[in-house]
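Visitor: Please take one part of this model and go through it closely. I would like the aromatic side chains, and then whatever can be said about the ligand.

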Amino acid sequence: MRKQEFFGMARDEAVALLAAAPVVRLAGVGERGQPVLRSLHAVVIDGWLYFHAAPVGEKSEAVGREAVIAADEAIATIPSHVFDPERACPATTYYLSAQAHGTLHAVDEPALKARVLQVLMEKHQPEGGYAPITADDPRYRGAVKGIAIVGMPLTQVDGKAKLGQNRGPDDLGKVLRFLWARGEPGDPRAVDLVRAANPDVPTPEFLSAPAGARLQCALGPADLPAAVELLAGEYWNVDVPRDRIAVGQSRSSAWVGARDEAGRLIATGRALGDGARWAYLLDIAVASSWRGRGLGKALVRLLLDHPQVRGCRHVGLRTRDAQSFYRGFGFRDGVESKSAEMVLQR
Ligand SMILES: CC(C)(COP(=O)(O)OP(=O)(O)OC[C@H]1O[C@@H](n2cnc3c(N)ncnc32)[C@H](O)[C@@H]1OP(=O)(O)O)[C@@H](O)C(=O)NCCC(=O)NCCS
């Protein structure tokens, strides 16, 4: 296998990266043959990537010619000393990147132009607060006519996920332990991505879990529906609307979980923590069919070891009936203190 082939990304993933990127970059050629490089807001609709442009200008000049549109995401820097105490050579960066090659086409049909603009709005202003864009709405008719919309068919798309696939299991074990110990903001997610890209790497000690379950260091937006499903019926959430449960999950400083072998979310737990002094554990739940097998214990161990929690001297939580579960981690009932706890209920 050539080294490059280690890092190939599935076409769907490459398209998803282009579609999700807040900004993509266009490299094309202008009318005088000059190179054109632009940052764009783009959307993907029905196998095409679209962006808008002024009717006159270098972006529009590139229409009718070959171009490349790219997006990338830095995942983690991996310092040389992870692999070698002396030589700088192994220093690297893990990243995702995707490129689409093709000819740029002008879109003339007003209905499609309006649809592209509407999808751009949904991507960049998801909260709404505007009338939906349609080509025959008098508020938009002129704007839709006046703006240039450019599309590229996503027929030639490739991507690269450089996540350590060229390294053996021992080195990858070092990478995973290093990322977890370093604990910079993107590092828990990097642990999950490196493991997913290298499924044969043995589970490191800090991620050990009961057979059939796989701990996750950083759940994300795609996990929200399943996490809300696990949490919505629990006693402390009975009065909490589902959308507020979701917001709480996604804005936590730590959000860990576990999946079964089919990839379904079977446990979730989160914490608010400053990484140094105070942390609070919240919304810890294991799917009922998985309870009593040690998964809750593995999940809470991971949460207490999370970079935003592990250095905290005070870790709090509230529970109605799981005191003995948490005592196993060293939690004690109500700590004696010179000052009293106060609560503002809203
Ligand atoms: C509490 C919960 C997270 C524990 O997860 P779990 O996977 O069932 O727990 P484990 O199998 O890892 O159990 C670890 C130990 O805690 C004990 N334990 C589990 N649930 C307990 C509970 N609710 N109360 C007291 N002890 C409990 C187990 O008996 C086990 O003891 P052992 O190590 O001596 O055998 C899970 O039962 C759950 O999701 N419950 C509903 C939601 C909930 O109450 N969450 C906690 C809110 S603060």
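Guide: Rings of Phe, Tyr and Trp, the last by its six-membered ring, pair if their centres lie within 6.5 Å. The model is a predicted one. One aromatic cluster is formed by Phe325, Tyr326, Phe329 and Phe331.

Within that cluster, Phe325 and Tyr326 can be described in detail. A pair of aromatic rings is described by two quantities, the distance of the centres and the angle of the planes. By the rule for pairing, the count is 6 aromatic pairs. One of them is Trp48 with Tyr50: the ring centres are 6.0 Å apart and the planes meet at 15 degrees, which is under 30 degrees, so this pair is stacked. Now back to Phe325 and Tyr326: their ring centres are 4.9 Å apart and their planes stand at 70 degrees, which is over 60, so the pair is edge-to-face. Phe325 has 30% relative accessibility and so counts as partly exposed.

The charged end of Arg167 sits over the ring of Phe83, at 3.7 Å from the ring centre. Arg320 lies over the face of Tyr235, and the distance to that ring centre is 3.9 Å.

Next, the ligand. It is surrounded by 19 residues, and the closest are Ile284, Val286, Gly294, Gly296 and Lys297. Ile284 has a backbone N or O atom 2.8 Å from a nitrogen atom of the ligand. Val286 places a backbone N or O atom 2.8 Å from an oxygen atom of the ligand. A backbone N or O atom of Gly294 is 2.7 Å from a ligand oxygen atom. On its own, the ligand has 870 Å² of accessible area, and the protein covers 69% of that. The space that the ligand takes is the largest pocket.

Key: Residues numbered from 1 in each chain as written. Predicted model: local features only at pLDDT ≥ 70, side-chain atom pairs only at ≥ 80, totals over all residues. Heavy atoms only, no water. Buried < 20%, exposed > 50% of the residue type's maximum accessible area, 1.4 Å probe, protein only. Lys NZ or Arg CZ within 6 Å of the ring centre and 35° of its normal. Near = heavy atom within 4 Å. Polar contact = N/O pair within 3.5 Å; in protein donor to acceptor, adjacent residues only side chain to side chain. Areas by Shrake-Rupley, 256 points an atom, 1.4 Å probe, with all protein chains shown as cover. 1 Å grid on protein atoms, 1.4 Å probe; cavity = no way out; pocket = protein on both sides within 12 Å on 5 of 7 lines; lining within 4 Å. Sits in = over half its atoms within 2 Å of the grid points.
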